[in-house]
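Please open the model in a viewer and display the backbone together with the side chains. The stops below are arranged so that each selection can be made in turn.

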Amino acid sequence: MWIKKVVSLDENGDTLRDESGEIIYEEEEVPIYIKENGDTLKNGDSYENAITDWQTQFFVTVPRKFTTGQQYKLVIWARADKPASIDTQAHTMPGSYVHWNFCGSLDLTEDWQCFEFGTDEDNPATIASEANGCQTIAFNCNKYKDEDNQYYFRFEESSFNTADIKDNERVLDSESLTMPLAAVKDGETKAEIDLSKAFETLEVQKMGNLTLKIQTEETFSDGVDLTAGANVDVNGWWTESMENSIGLEQNDDTTTDAVLGLTIVNGGLTLEAGQSVDTKLALENQTGWRYLYNVSFIDSEVYSGIEDTSFAPKANVVYDLMGRKISKAVKGLYIVNGKKYFVK
């Protein structure tokens with residue numbers, strides 16, 4: 001018998017982790033079939049239960065699907081009881097073969113060796129397009145399964161991570177939102193964010209598996225608990241100050257697993273004609289991948305009148321809400337001749 005490591009999943013299909021964040025695996029015993037004389041069955045034998053290719057592979061499955069061009073580091077220790085060269089393959093999940101080469105071959109000896117890919121900063125390893133959408137690396141030992149002499153392989157201390165990728169590369173998808181801001185100090189408005197597309201992209205089914213983050217001057221905040229409230233300043237960055245800022249607080253009356261209801265408080269900002277405050281909110285999963293919301297806060301009266309749509313003549317000069325002249329208006333809110341127009 002041999003043991004195959006399989007990632008444990010909860011009832012929603014999400015990867016299970018322990019309190020320290022480590023992946024929980026379930027152990028599955030797979031039989032190695034033996035002939036009557038004690039020899040191991042080979043593929044060429046006419047037996048119903050002959051060993052298959054996938055039963056002679058070692059799998060490493062990671063929590064996040066590979067994306068083309070994504071930088072990674074793979075480190076694994078391995079040895080064999082006699083010299084052997086084994087290939088690596090890309091699978092969606094263990095046994096679901098996609099491509100014959102993931103990162104080349106491992107030349108094993110009787111001594112333990114550490115095989116490293118992508119650890120050289122000057123020569124990073126990246127995911128090939130053939131492995132896009134996969135989630136499992138297969139170490140293919142099956143070329144030796146038909147040998148008369150048995151081969152024994154050992155793999156230990158494998159690690160795969162994408163911790164060194166750039167911050168913007170963590171964003172898997174994004175969408176743009178417009179939210180209202182009251183014109184008076186301490187005035188309140190309400191808005192909702194539909195989270196369903198983010199859940200689908202991040203492969204989760206509830207908010208409990210995600211952390212909401214707000215843009216800072218450097219990157220994003222460590223995480224925001226909107227039940228206690230959070231604030232952004234006039235530049236759209238997270239701030240501790242409640243003065244001259246926009247307060248965001250979760251509205252329990254309208255918040256569900258798929259919709260985030262927000263109460264928006266004006267902490268003293270005044271929006272001039274055509275002005276907006278732009279910020280970024282990111283939903284981040286447990287492995288650091290994000291879904292980004294580009295949010296623009298505009299005057300609540302303008303926001304409420306958006307449905308009264310006007311279309312600007314092509315000859316007029318068009319500006320966006322940041323006051324930049326644009327050559328072609330696509331869907332969104334614009335300023336034309338000092339008036340606001342919404343293009344559907």
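Select E203 in the loop between α1 (196-202) and β14 (211-214); helices (H or I, at least four residues) and strands (E, at least two) are DSSP runs, numbered from the N terminus. The model is predicted, so that local features need pLDDT of at least 70 and side-chain atom pairs count only at pLDDT 80 or more, while totals for chains, interfaces and linings use all residues. Residues are numbered from 1 along each chain as its sequence is written, and side-chain values use heavy atoms, with hydrogens and water left out.

E203 is not a glycine, yet its phi is positive, at about 60°. With a relative accessible area of 34%, E203 is partly exposed (buried means under 20%, exposed over 50%, partly exposed in between, with a 1.4 Å probe and protein chains only).

Proceed to N244, in the loop between β16 (238-239) and β17 (246-250). This residue, other than glycine, also has a positive phi, near 50°.

Next, turn to the aromatic rings. A search of the whole structure finds nine aromatic pairs; rings of Phe, Tyr and Trp (its six-membered ring) pair if their centres lie within 6.5 Å, and planes under 30 degrees apart count as stacked, over 60 as edge-to-face and the rest as tilted.

Select F58 and F139, a tilted pair with 5.9 Å centre to centre and 40° between the planes. Because F58 lies in strand β3 (residues 57-61) and F139 in strand β10 (residues 136-140), the pair ties together parts 81 residues apart in sequence.

F155 is buried, with a relative accessible area of 15%.

Then select F66, Y72, F102 and F160, which form one aromatic cluster.

Finally, select D186, E188, E249 and D252, which form a negative surface patch (residues with over 30% relative accessible area and no salt bridge, like charges being joined within 9 Å; a salt bridge is a side-chain nitrogen of Lys or Arg within 4 Å of a carboxyl oxygen of Asp or Glu).

Methods: Patch = residues over 30% accessible without salt bridge, like charges linked within 9 Å, V, L, I, M, F, W, Y side chains within 5 Å. Areas by Shrake-Rupley, 256 points an atom, 1.4 Å probe, with all protein chains shown as cover. Lys, Arg positive; Asp, Glu negative; His and termini not counted. Charge placed at Lys NZ, Arg CZ, Asp CG, Glu CD.
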